[in-house]
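Me: I'm new to reading structures, and I'd like a close look at one part. Could you walk me slowly through the charged side chains that pair up, and through what lies around them?

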Amino acid sequence: MKYSIFSPIDGEVLFLSTVPDEAFSSGMLGEGFAVKPSGETVCAPASGVIGTVSENGHAYSIASDIGDLLVHIGVDTVHLEGVFEPMVKPGQKVAAGQPLCRADFKKIRAAGLCESVILLITEKTVPGEVKIQKGIVRGGKDIALRIEK
């Protein structure tokens with residue numbers, strides 16, 4: 001059985017170890033990857049149902065066939081206002097590649113914060129071997145992570 005997760009944004013796929021936050025980089029919160037963004041639209045990495053949308057729009061949980069996913073925009077961006085424009089609501093069904101929000105990455109950089117878009121599979125046990133597809137990707141169109149069982 002194979003599962004695929006698309007990149008949530010245009011950019012370059014990086015390993016979690018590059019994220020300057022130990023909770024993400026250590027894998028403590030789950031397995032996944034980061035993307036150094038070159039676009040502004042953050043997309044659903046898989047089909048599912050939106051669980052939560054953070055108050056300022058920097059984080060989204062999605063219940064998918066693979067398990068619970070977390071899309072987190074930037075590091076320490078929870079206090080930024082006027083940077084994120086959510087396009088989905090909790091309980092809404094989404095298709096892989098569907099826009100979740102627009103983000104102003106210039107404002108994130110101007111605040112001196114890491115702009116990486118982080119994708120985590122927050123399940124305790126991922127159902128198989130995780131393979132990260134490093135390189136340049138298109139959000140919602142190119143596979144960034146495969147799980148093979």
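Reply: Happy to! Let's begin at Arg 109, which is partly exposed, with a relative accessibility of 43%. To read such labels, note that buried means under 20% relative accessible area, exposed means over 50%, and partly exposed lies in between, using a 1.4 Å probe and protein chains only. Keep in mind that this is a predicted model, where local features need pLDDT of at least 70 and side-chain atom pairs count only at pLDDT 80 or more, while totals for chains, interfaces and linings use all residues. Residues are numbered from 1 along each chain as its sequence is written, and side-chain values use heavy atoms, with hydrogens and water left out.

What does Arg 109 meet in a salt bridge? Its partner is Glu 115, with N and O 2.4 Å apart. A salt bridge here is a side-chain nitrogen of Lys or Arg within 4 Å of a carboxyl oxygen of Asp or Glu. As background, oppositely charged side chains can pair when their charged atoms come close. Glu 115 is buried, at 12% relative accessible area.

Gly 112 sits in the loop that runs between α2 (105-110) and β11 (117-121). Helices (H or I, at least four residues) and strands (E, at least two) are DSSP runs, numbered from the N terminus. Gly 112 is exposed, with 64% relative accessible area.

In total, the structure holds four salt bridges. Another of them joins Glu 85 to Arg 102, whose closest N and O atoms are 3.3 Å apart. Because Glu 85 belongs to strand β8 (residues 84-86) and Arg 102 to strand β10 (residues 99-103), this pair ties together parts that are 17 residues apart in sequence. Both partners are partly exposed: Glu 85 has a relative accessible area of 45%, and Arg 102 has 36%.

Strands β8 and β10 are also joined by three bridges, and they run antiparallel. Two strands pair if DSSP finds at least two bridges between them. Phe 84, for example, has Ala 103 in β10 as its bridge partner. Strand β10 pairs with β4 (residues 41-43) too, again in the antiparallel sense and over three bridges. There, Cys 43 stands opposite Pro 99.

Cys 101 is in no disulfide, and its nearest cysteine sulfur, that of Cys 43, is 9.2 Å away. Cys 101 is buried, at 0% relative accessibility. Cys 114 is in no disulfide either, the nearest cysteine sulfur being that of Cys 101, 15 Å away. Cys 114 is likewise buried, at 19%.

Glu 148 and Lys 131 form a salt bridge, 3.5 Å from N to O. It links distant parts of the chain, as Glu 148 lies in strand β14 (residues 143-148) and Lys 131 in strand β12 (residues 129-132), 17 residues apart. Glu 148 is partly exposed, with a relative accessible area of 27%, and Lys 131 is partly exposed as well, at 33%.

Technical notes. Disulfide = S-S within 2.5 Å.
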